[in-house]
Amino acid sequence: MKAILALDQGTTSSRAIVFDEDARILASAQRETHSFYPHDGWGEQDAIEIAESPFAVAAEGSARAGTPATAHAAVGPTKPTYAPHRGVRRHPASAAAAAAA
């Protein structure tokens, strides 16, 4: 069976949903990503946590669905930071910097 893995990385969590060929949800997984506030008006997140969490939820969702990675017909990420041609920052993500961009 082929499956579709959808990945969503929001401000507060990463989520994976595995669908079958008829768009029925087989399984999902979610992991919170933490924000910290070093100064008034600053909101930051750990870049490593942001980078690792989609892989963790993808593996967990796939395991729950019983679909190995080779069974995925497609993977769809929904976070614009996955586009290096857009000037992705390689340091803590800053909400203030993102808003200014």
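**Notes on the predicted model: sheet, core and charged pairs**

1. Residues are numbered from 1 along each chain as its sequence is written, and side-chain values use heavy atoms, with hydrogens and water left out.

2. Now the overall layout. The chain has two helices and seven strands, and along the sequence they follow the pattern β-β-β-β-β-α-β-β-α. These elements are DSSP runs numbered from the N terminus: helices are H or I with at least four residues, strands are E with at least two. Residues 24 or more positions apart make up 51% of the contacts in the chain with a separation of 6 or more.

3. On burial, 28% of the 101 residues of the chain count as buried. Here buried means under 20% relative accessible area, exposed means over 50%, and partly exposed lies in between, with a 1.4 Å probe and protein chains only. The chain has an accessible surface of about 6500 Å², and 58% of that belongs to carbon and sulfur atoms. Accessible areas come from the Shrake-Rupley method with a 1.4 Å probe, and for residues only the protein chains shown count as cover.

4. Which residues make up the largest nonpolar core? The 10 residues are A3, L5, L7, A16, V18, A27, A29, V57, A58 and A65. At least two residues of this core come from each of strand 1 (3-9), strand 2 (13-19), strand 3 (25-32) and helix 1 (47-65). The term covers a set of buried Ala, Val, Leu, Ile, Met, Phe, Trp, Tyr and Cys residues joined through side-chain atoms within 4.5 Å. In soluble globular proteins, nonpolar side chains tend to be buried together.

5. Strand 1 and strand 2 pair in the antiparallel sense over six bridges, with three residues between them in the hairpin. Two strands count as paired if DSSP finds at least two bridges between them. L5 has V18 in strand 2 as its bridge partner, and both L5 and V18 belong to the largest nonpolar core.

6. Bridge partners in strand 3 include S28 for I17 and R31 for S14.

7. Is S13 buried or exposed? S13, in strand 2, is buried, with a relative accessible area of 11%. Leaving out residues up to four places away in sequence, S13 touches D8, Q30, R31, E32 and T33.

8. Apart from neighbours within four places in sequence, E49 is in contact with E32, T33 and H34. The C-alpha atoms of E49 and T33 are separated by 6.8 Å, although the two residues are 16 apart along the chain. The side chains of E49 and H34 are joined by a polar contact of 2.9 Å. A polar contact is a pair of N or O atoms within 3.5 Å; within protein, one must be able to donate a hydrogen and the other to accept it, and residues adjacent in sequence count only if both atoms are side-chain atoms.

9. Lastly, the structure holds three salt bridges, each a side-chain nitrogen of Lys or Arg within 4 Å of a carboxyl oxygen of Asp or Glu. R24 meets D20 at 2.9 Å, N to O, and R24 also meets D22 at 3.3 Å, N to O. D20 is buried at 7% relative accessibility, whereas D22 is exposed, with a relative accessible area of 55%. R64 forms a salt bridge with E60, where the closest N and O atoms are 2.5 Å apart. R64 and E60 are four residues apart in helix 1, so about one helical turn separates them. R64 is exposed, with a relative accessible area of 54%, and E60 is partly exposed at 27% relative accessibility. By shared partners, salt bridges join D20, D22 and R24 into one network.

Conventions: Predicted model: local features only at pLDDT ≥ 70, side-chain atom pairs only at ≥ 80, totals over all residues. Contact = heavy atoms within 4.5 Å.
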